[in-house]
Amino acid sequence: MNICMVGAGYVGLVTGACLAETGHDVVCVDADEAKVAAANRGVSPIFEPGLEEIVRRNLAAGRLRFVTDLPSAIGDALAVFVAVGTPSRRDGGADLSAVDEVALTVAEHARRECVLVLKSTVPVGTNARVRRLVRDAAVKIHVVSNPEFLKEGAAVSDFMRPDRIVVGIHDGEAFPRRVIERLYHPVTLQQSRIVWMSPESAELTKYVANTMLAMRISFMNEIAALCERVGADIHQVRKGVGSDSRIGSKFLYAGPGYGGSCFPKDVQALVHTGHDYGVELELAAATHRVNERQRGVLTRKLRAKFEDDLRGKRVAIWGTAFKPSTDDVRESPALMLIENLLAEGARVVAHDPQALDRTREVFGDRIEYAQDPYKAAEGADALVLVTEWRPYQNPDFERLASILARPLLIDGRNIWTAYHPSEMGFEYEGIGTHG
Ligand SMILES: NC(=O)c1ccc[n+]([C@@H]2O[C@H](COP(=O)([O-])OP(=O)(O)OC[C@H]3O[C@@H](n4cnc5c(N)ncnc54)[C@H](O)[C@@H]3O)[C@@H](O)[C@H]2O)c1
């Protein structure tokens, strides 16, 4: 099937490349010329495990190509995906200008009956609005909602083995239904994983899923603060609570607050939708407020260790990506920590296995970058673990003790608690745990 994928970022590039891998002919369109040029050379513009090989293989096979010009790429595609960004506006609502622009261009240039697949995360009502935008096109354009649930760092396997594929479509729309079934046939062979629903329900499902996950994190972060006061341990509480099969063990980890390009913006956008329709979503609003407070927790812990005077202190940061296995630093808790430290006169040296280039785009020469985690720790007054990359899980504590100027470990993900760093002579601070 001829597919046009508009937006070749974390979602569009993975989806486009994986659709090509399953035999479709895919042209990916992106406004960013550098991204398109890199992808056409077989260099993935983002770090995502397994992705670059798929891009290379499918470029070579002629099933995948990258262009910047949307009108010519639409051609006679049967499915045009919209995977452009939908960032937060100032008021917390989603900025849909890129989605609208793509829809209008498709309406103007589509040459055959086709399906416009809304993969970007968009507020409820967008499907109906986009239908109106393309209503007067020369050819019939069906609009389907197909929100994306991939996890950065595991996006390729999420595409190939999805938990579910949510599709919002009106009853009786046979043409787009057949196109969607054909699109995803290779990854739904064993078991039909498509969950059909109305467009409004599909749009809402995406926001509800992200907000529910974010809510679990915020709740555990609040409980971690309580643990610190009452002498309980968040690890033990988490295990006790998560072993209840009604609750489950995922997304119960206390930490420096959730980040990334989705949770912060999607929780706020859901709250905003509630306002628009006169329904106050108090739990969602509190989830966001708790997270805003939590994003300062590492700074507060450092301040407390240095009697509120961080001037001239050298702080090593391990992990700047918002989570492991990605180079994405959008809304990463590390960025806020670094900004705070710089504002308070500290010196920062950062290490990350994949995200240093993106971190440099944010901070330039305001901080130092280390290619090796131990180089970052050398002479530092504190080492702060922000992202739980695998190589940080089991560090050489003896070496750390010998190279840190002050043996202070702030463990933002509680990954070192089990080693009892305090017993090894470190000053140790986790989140809701004692170590
Ligand atoms: N990143 C994730 O993990 C994830 C997961 C699920 C859903 N989503 C949603 O998917 C959407 C895309 O997210 P992302 O992380 O891939 O964003 P991204 O910023 O990585 O990619 C968006 C791409 O669209 C391009 N673009 C913007 N406007 C364009 C236009 N008019 N024409 C052509 N290209 C254009 C940009 O250059 C960019 O490369 C968002 O709505 C996001 O909320 C993201």
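Trainee: Which residues have the most contacts inside the largest nonpolar core?

Mentor: First, the idea. A nonpolar core is a set of buried Ala, Val, Leu, Ile, Met, Phe, Trp, Tyr and Cys residues joined through C-beta atoms within 7 Å. Buried means that 20 or more other C-beta atoms lie within 10 Å of the residue's own, exposed means 12 or fewer, and partly exposed is in between; C-beta atoms are placed from the backbone. Here the largest core holds 124 residues. Those with the most contacts inside it are Val6, Val80, Leu116, Ile317, Leu383 and Val384. Helix α9 (residues 199-230) supplies the largest share, nine residues. Helices (H or I, at least four residues) and strands (E, at least two) are DSSP runs, numbered from the N terminus.

Trainee: Where does this core lie?

Mentor: Domain 1 (2-197) and domain 2 (217-429) both give residues to it, so the core lies between them. The domain bounds come from an automatic or database domain assignment.

Trainee: What kind of model is this?

Mentor: The model is predicted: local features need pLDDT of at least 70, side-chain atom pairs count only at pLDDT 80 or more, and totals for chains, interfaces and linings use all residues. Numbering starts from 1 along each chain as its sequence is written.

Trainee: What does Val80 touch?

Mentor: Contact means C-beta atoms, placed from the backbone, within 7 Å. Leaving out residues up to four places away in sequence, Val80 touches Cys4, Val6, Ile74, Val106, Cys114, Leu116 and Val117.

Trainee: How many residues does each domain bring to the contact?

Mentor: The centres of domain 1 and domain 2, over C-alpha atoms, are 33 Å apart. Domain 1 brings 16 residues to the contact and domain 2 brings 15. On the domain 1 side, eight are nonpolar, five polar and three charged. Nonpolar covers Ala, Val, Leu, Ile, Met, Phe, Trp, Tyr, Cys and Pro; charged covers Asp, Glu, Lys and Arg; the others, Gly among them, are polar.

Trainee: Which residues are closest to the ligand?

Mentor: A residue belongs to the surroundings if its C-beta atom, placed from the backbone, lies within 6 Å of the molecule. The ligand has 27 such residues, and the closest are Gly7, Gly9, Val11, Ser120 and Thr121. By class, the shell has 13 nonpolar, eight polar and six charged residues.

Trainee: How many helices and strands does the protein have?

Mentor: There are 17 helices and 14 strands. Of the 435 residues, 49% count as buried.

Methods
Two residues are in contact if their C-beta atoms, placed from the backbone, lie within 7 Å.
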